[in-house]
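Hi everyone, thanks for making time.

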Amino acid sequence: MSSAVGRAPRKRRSFAEESRLSLVRRARRMKRCLDEAYPNAHCELDFTTPLELLVAVILSAQCTDQRVNLTTPALFARYRTAADYAGADRTELEELIRPTGFYRNKATSLLGLGAALVERHGGDVPGKLDQLVKLPGVGRKTANVVLGEAFGVPGITVDTHFGRLVRRWGWTGDEDPVRVEHEIGELIPRKEWTMLSHRVIFHGRRVCHARKPACGACPLANDCPSYGAGPTEFDVAAKLVKGPERDHLLSLVTKF
């Protein structure tokens, strides 16, 4: 087993009086563990252009990536440019995106997005945060996904999984996404931000579940102050691990 990956703990240490330096070291240790656990982590939304990615991220609000990926092929075939969205028939657009939920609000965002891109940016998706967040339906989370995936600009994506895990790990105690983004950015080098986001989200979907985390089968266990929030027995916890990486993840954990 690589030294970068944690093992199921024999004896828990206290995190109660952790110094700033210790927190930074622990966060970076956990980051290296995530690197090994999810070397192929990526954005799980299907897209081929910055516009498609932007639309897909907007549709992913309160919806699974899988459902969005089932919906977007027909949508992308019908609307190929920002001008297409700007001039779309609302009823037709709503029907195409209905499976993603909240389709009326999302249709409003997409119509406004298309018009704003045409009017302000010549139909192109801008590659700057301050310009992206001024577009209809686009917040910092969406903007950081687009910047990282479409433009190679490092960014931290504070979605539900990311915020939940970094608080569970004691990297931050803040609930505000913007402050969380800034606090985590001070722990991890900027060049790592985009992949860190993907890997934390992968871990949240596969191991560190909201209601019943697979603590006993988690490679981050030794450095996690919330160890014990879920079952600690390896065999029990292993049944909770999901995803195509399951065998790889379990191989990283030593069963005592």
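I'll go through one loop, a few helices and the cysteines.

Quick housekeeping: this is a predicted model, so local features need pLDDT of at least 70 and side-chain atom pairs count only at pLDDT 80 or more, while totals for chains, interfaces and linings use all residues. Residues are numbered from 1 along each chain as its sequence is written, and side-chain values use heavy atoms, with hydrogens and water left out.

Okay, let's start with Ser60. You'll find Ser60 in the loop between α2 (50-59) and α3 (65-78); helices here are DSSP runs of H or I with at least four residues, numbered from the N terminus. Is Ser60 buried or exposed? Buried, with a relative accessible area of 12%. On that scale, buried means under 20% relative accessible area, exposed means over 50%, and partly exposed is in between, using a 1.4 Å probe and protein chains only. So what does Ser60 touch, leaving aside its neighbours within four places in sequence? Leu45, Asp65 and Val68, where a contact means heavy atoms within 4.5 Å.

In the loop between α2 and α3 there's also Gln62. Gln62 counts as exposed, at 70% relative accessibility. Gln62 also has a positive phi, about 55°, although it is not a glycine. Phe102 is another non-glycine with a positive phi, about 50°. Look for Phe102 in the loop between α5 and α6; at 54% relative accessibility, Phe102 counts as exposed.

Now on to α6, which covers residues 103-121 and holds Ser109. Ser109 counts as buried, at 17% relative accessibility. Not counting residues up to four places away in sequence, Ser109 touches Ile58, Pro136 and Gly137.

Next, a helix pair. How do α3 and α5 (residues 90-97) pack? Their axes are 9 Å apart, at an angle of about 155°. The axes are lines fitted to C-alpha atoms, for helices over the stretch in contact, and the angles run from 0 to 180 degrees between N-to-C directions. That makes α3 roughly antiparallel to α5, because angles over 145 degrees count as roughly antiparallel, under 35 as roughly parallel, 65 to 115 as roughly perpendicular and the rest as oblique. On the α3 side, the contact uses Thr71, Ala74, Leu75 and Arg78, and α5 brings Glu92, Leu93, Leu96 and Ile97.

Then there's α11, residues 193-206. From its first C-alpha to its last, α11 reaches 20 Å, close to the 20 Å expected for its 14 residues at 1.5 Å a residue; the expected span is 1.5 Å times one less than the number of residues. How many residues of α11 are buried? It's 12 of the 14, including Trp193, Phe202 and Arg206. The buried residues of α11 pack against α1 (20-37), α8 (140-150), α9 (160-168), α10 (177-185) and α13 (246-251).

Last stop, the cysteines. A disulfide is a covalent bond between the sulfur atoms of two cysteines. Here a pair counts if the sulfur atoms are within 2.5 Å, and the structure holds 0 disulfides.

Terms used:
Helices (H or I, at least four residues) and strands (E, at least two) are DSSP runs, numbered from the N terminus.
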